[in-house]
Amino acid sequence: MNKLSISLLSLVLAASSLSAQTFKVKAGGTQTFNFEDKGGRNQVTFFSTTPLEDITGTANGISGSVTFDVAEFARTIKGKLTIQIASMNTGIELRNKHMQSPNWLDAARFPEISFEIKSVYDVKQSADNKLEFKVKGDFTLHGITKEVIASADATYLDESEQTKKRAPGDLIGVRANFTINLSDYGVDNAVIGNKVSEKIQVGVNVVGSNKK
Amino acid sequence: MNPSQKKILAASLTIILISLTVWVYSGREIFTKNQILVEKKDELFPDMVQKVWVDKFIWGLDLTGAIILTTVVAGIFFYRRLRDKKK
């Protein structure tokens, strides 16, 4: 009987510790954060390394939103982020044109890259307003959708005089990193003489506001 | 080799050496760039680093190669043109 009580108590404690993995902030209820950023500070970066050259690119044409219940972040989160391929920059105009050409990302046919959240797990609380977690989602590139898992963190800032300088409302800052294989998305890196790696590291740095 | 040809040879070698030196001191990049990425910290979210493009000319191997090729072609052209004519 004693063992059963201890097991039950452990379960209750485990459950309460799991539910504790959420933001401890002033805000409550369901919140929707919009990532449209007219200042162009929201950014997705992509990195390729080959013996010939390392290439870092950026994209600032980002839109989308996430919605979650502050009390149950992992269970309730859903959202989607979209990136305009036309906003991608590698620092060389000619290379940007190649990247958007039909031989490569084919921006005319597939003008957007997107990531849609399916689930969030392994949530760890690193501060009252900060969570680290894994996010599983559908990544769509070149018209092909594959599931990817990203390591991510989110920082929640209640509205303050400081945050108002950036945008009205509460803010959420999200960082995420994952790697994709270009061949999985029908993009042949051999087309441009392997100057671009098969594996591309993708980084996301976005801040969203819950007020328009 | 007459004195004019020597001058052409010296000028060509100087141009090639200068372009190689500039390339080495510019960071030995493969491709010429007009912009570079610099990292900027976010004041509100200190963990976040934003990458910002800044206008800066970086001399690449492609430009060095083009200069060397042009110099060699022009050098050969003038070298041959300034040959002593046989009497």
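Tutor: A nonpolar core is a set of buried Ala, Val, Leu, Ile, Met, Phe, Trp, Tyr and Cys residues joined through C-beta atoms within 7 Å. The model is predicted: local features need pLDDT of at least 70 and side-chain atom pairs pLDDT 80 or more, while totals for chains, interfaces and linings use all residues. Residues are numbered from 1 along each chain as its sequence is written, and chains are lettered from A and ligands numbered from 1 in the order in which they are written.

Student: Which residues touch the most other members of the largest nonpolar core?

Tutor: V135(A), A152(A) and V174(A) do, in a core of 45 residues. Elements of chain A that give two or more residues to this core include β7 (112-127) and β8 (130-141); strands are DSSP E runs of at least two residues, and helices H or I runs of at least four, numbered from the N terminus.

Student: What does A152(A) touch, not counting residues up to four places away in sequence?

Tutor: F133(A), V135(A), V174(A), R175(A) and A176(A). Contact requires C-beta atoms, placed from the backbone, within 7 Å.

Student: How many residues of chain A are in contact with chain B?

Tutor: 20 residues of chain A contact 13 of chain B. β10(A) gives the most to that side of chain A, with 3 residues.

Student: Why is V73(B) called exposed?

Tutor: A residue is buried with 20 or more other C-beta atoms within 10 Å of its own, exposed with 12 or fewer, and partly exposed in between. V73(B) has 11 C-beta neighbours inside 10 Å, so V73(B) counts as exposed. V73(B) lies in helix α2 (residues 61-81) of chain B.

Terms used
Contact = placed C-beta atoms within 7 Å.
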